[in-house]
Amino acid sequence: MAGSNITNFDILKDCLDLELIRDLARLNDDAFRLNLACYLCDLMGGLTPLPTKKHKVVLASELLKNGASEKRVIELTKISQSTLKRLKNAR
């Protein structure tokens, strides 16, 4: 749009998934902190230079520690099979 005053703030505000944030608020503090950080990295990934994979790897590692299946970890984090194998070998 020519002459538009849309800012990164406007884009971010419009992308917020309030239902997801409400669901996250029901988690314990550690789970909430980790999931919210991942969510924010995903939201701001196109707006500011942030690592695009690190938060997914941290989340995948925590899910594996908590006994999540490999299929579920990949489904939730969208990491590759090779990254999952590296995480499992590091444990």
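L64 touches V73, L84, L87, K88 and R91, leaving aside residues up to four places away in sequence; contact means heavy atoms within 4.5 Å. The model is predicted: local features need pLDDT of at least 70, side-chain atom pairs count only at pLDDT 80 or more, and totals for chains, interfaces and linings use all residues. Residues are numbered from 1 along each chain as its sequence is written, and side-chain values use heavy atoms, with hydrogens and water left out.

L64 also belongs to the largest nonpolar core. This core has nine residues in all: C38, L59, A60, L63, L64, V73, I79, L84 and L87. A nonpolar core is a set of buried Ala, Val, Leu, Ile, Met, Phe, Trp, Tyr and Cys residues joined through side-chain atoms within 4.5 Å. Buried means under 20% relative accessible area, exposed over 50%, and partly exposed in between (1.4 Å probe, protein chains only). Helices α4 and α6 are the elements that give two or more residues to the core. The most come from α4, with four residues. Helices (H or I, at least four residues) and strands (E, at least two) are DSSP runs, numbered from the N terminus.

Helix α4 (residues 54–65) packs against helix α6 (residues 81–90) at an angle of about 55°, with the axes 10 Å apart. Axes are lines fitted to C-alpha atoms, for helices over the stretch in contact, and angles run from 0 to 180 degrees between N-to-C directions. The angle makes α4 oblique to α6. Angles under 35 degrees count as roughly parallel, over 145 as roughly antiparallel, 65 to 115 as roughly perpendicular and the rest as oblique. On the α4 side, V57, A60, S61 and L64 make the contact; on the α6 side, T83, L84, L87 and K88 do. By class, this contact of α4 with α6 has five nonpolar, two polar and one charged residues. Ala, Val, Leu, Ile, Met, Phe, Trp, Tyr, Cys and Pro count as nonpolar, Asp, Glu, Lys and Arg as charged, and the others, Gly among them, as polar.

Helix α3 (residues 29–44) and α4 pack at about 155°, with their axes 9 Å apart. The two helices, α3 and α4, are therefore roughly antiparallel to each other. L34, N35, C38, C41 and D42 of α3 meet H55, K56, V58, L59 and E62 of α4. The contact of α3 with α4 divides into five nonpolar, two polar and three charged residues.

K78 lies in the loop between α5 (70–77) and α6. K78 has a positive phi of about 65°, although it is not a glycine. K78 is exposed, with a relative accessible area of 63%.
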